Amino acid sequence: IFSAFLFVGYLVGQLNFNDEQINFNPKEKDIAQITLLEVGKSPSEWTKLTGTINSINRDMKIIEYHVPIVLFIKLAEVDLKENDILLISSKIEKIKNAHNPGEFDAVNYWSNKGFYYMSFVGSEQYSILETSQVSKTNKFISNLTKHLNNVLEKYLSGDELSLAKALILGDKSMLDTEIKNSFSNAGAMHVLAVSGLHVGIILNLILQFLKLFHRFISKNKAVIIALFILWIYALVTGFSPSVIRAVF
């Protein structure tokens, strides 16, 4: 069993290894075509996104690539979505650490996720080449997430709102540095990440609610309904590995 897992791990590592990143040498005047993979949530004007560089236009020549990249885009009044294709003219550079004492190790963090390049994109340095069509499932999840956000915003504000969004929806974009440091110093940073604790609480709440209808719903049916709701919750919270593991 150990040998089998070791072999599978080796194969996965080889499949994920991208030798194009070694040969990738971006220039200052390159125009890159990028397919968005993930669009972050941010209350500020700069939004974090991840994507894949499909090609580079250099001196009127198209060079094809397949290189992951982290983008920080100063958004205009545009709603970017996953699978949108952008053209960007900003400088692409390798992710580096500033080597300040005690600073966040960005190189190690992003390299573990397979990203080695980044770019800061101004509002006039990108254009949308192609907009992706949103599926009915994604549209349903998006509308449900917006509805839940609106409910929280209706009854909460300030730090209470930012904590509620982090604890319930897994959205930590509104948390300020002071709150993060407080949880970190208390050794409770894991509480802010939606995982088994949160999924367990929600599962119990659902089952307790379904008990009220025990005359109409059997125990087996209650479990199936609860699992269905939990998978929807996993989608709403971003389908992170910790949530998938807990729900599974």
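## Terms and model

Helix axes are lines fitted to C-alpha atoms over the stretch in contact, and the angle between two of them is taken between their N-to-C directions, from 0 to 180 degrees. The structure described here is a predicted model.

## The sheet

Seven strands make up an open sheet with mixed pairing, and their order is E5-E6-E3-E2-E1-E4-E7. At the edges lie strand E5 (93-94) and strand E7 (126-130), each of which pairs on one side only. Strands of a sheet pair through backbone hydrogen bonds, and the pairing is either parallel or antiparallel.

## Pairing around E2 and E3

Strand E1 (residues 31-39) pairs with strand E2 (residues 46-58) in the antiparallel sense, over eight bridges. Within this pair, Thr-35 stands opposite Thr-52 of E2. E2 also runs antiparallel to strand E3 (residues 61-74), to which 12 bridges join it. One of the residues facing a partner in E3 is Leu-49, whose bridge partner is Leu-71.

E2 and E3 form a hairpin, with two residues between the strands. Asp-59 lies in the turn and has a positive phi of about 55°.

E3 pairs with strand E6 (residues 117-121) as well, here in the parallel sense and over four bridges. Leu-71, the bridge partner of Leu-49, stands opposite Ser-119 in E6.

## Packing of helices H4 and H8

Helix H4 (residues 136-155) packs with helix H8 (residues 219-236) at an angle of about 80°, and their axes are 9 Å apart. Angles of 65 to 115 degrees count as roughly perpendicular, and H4 and H8 are therefore roughly perpendicular to each other. From H4, the contact is made by Phe-140, Ile-141, Leu-144, Thr-145 and Leu-148. From H8, Ile-232, Leu-235 and Val-236 take part. By class, the contact of H4 with H8 has seven nonpolar residues, one polar residue and no charged residues.

## Asn-185 in helix H6

Asn-185 belongs to helix H6 (residues 177-185). The relative accessibility of Asn-185 is 70%, so this residue counts as exposed, the cut-off for that class being over 50%.

Asn-185 and Lys-219 are 34 residues apart along the chain, and their C-alpha atoms are separated by 42 Å.

Definitions and conventions: Residues are numbered from 1 along each chain as its sequence is written. This is a predicted model: local features need pLDDT of at least 70, side-chain atom pairs count only at pLDDT 80 or more; totals for chains, interfaces and linings use all residues. Side-chain values use heavy atoms; hydrogens and water are left out. Angles under 35 degrees count as roughly parallel, over 145 as roughly antiparallel, 65 to 115 as roughly perpendicular and the rest as oblique. Contact means heavy atoms within 4.5 Å. Ala, Val, Leu, Ile, Met, Phe, Trp, Tyr, Cys and Pro count as nonpolar, Asp, Glu, Lys and Arg as charged, and the others, Gly among them, as polar. Two strands pair if DSSP finds at least two bridges between them. Buried means under 20% relative accessible area, exposed over 50%, partly exposed in between (1.4 Å probe, protein chains only).
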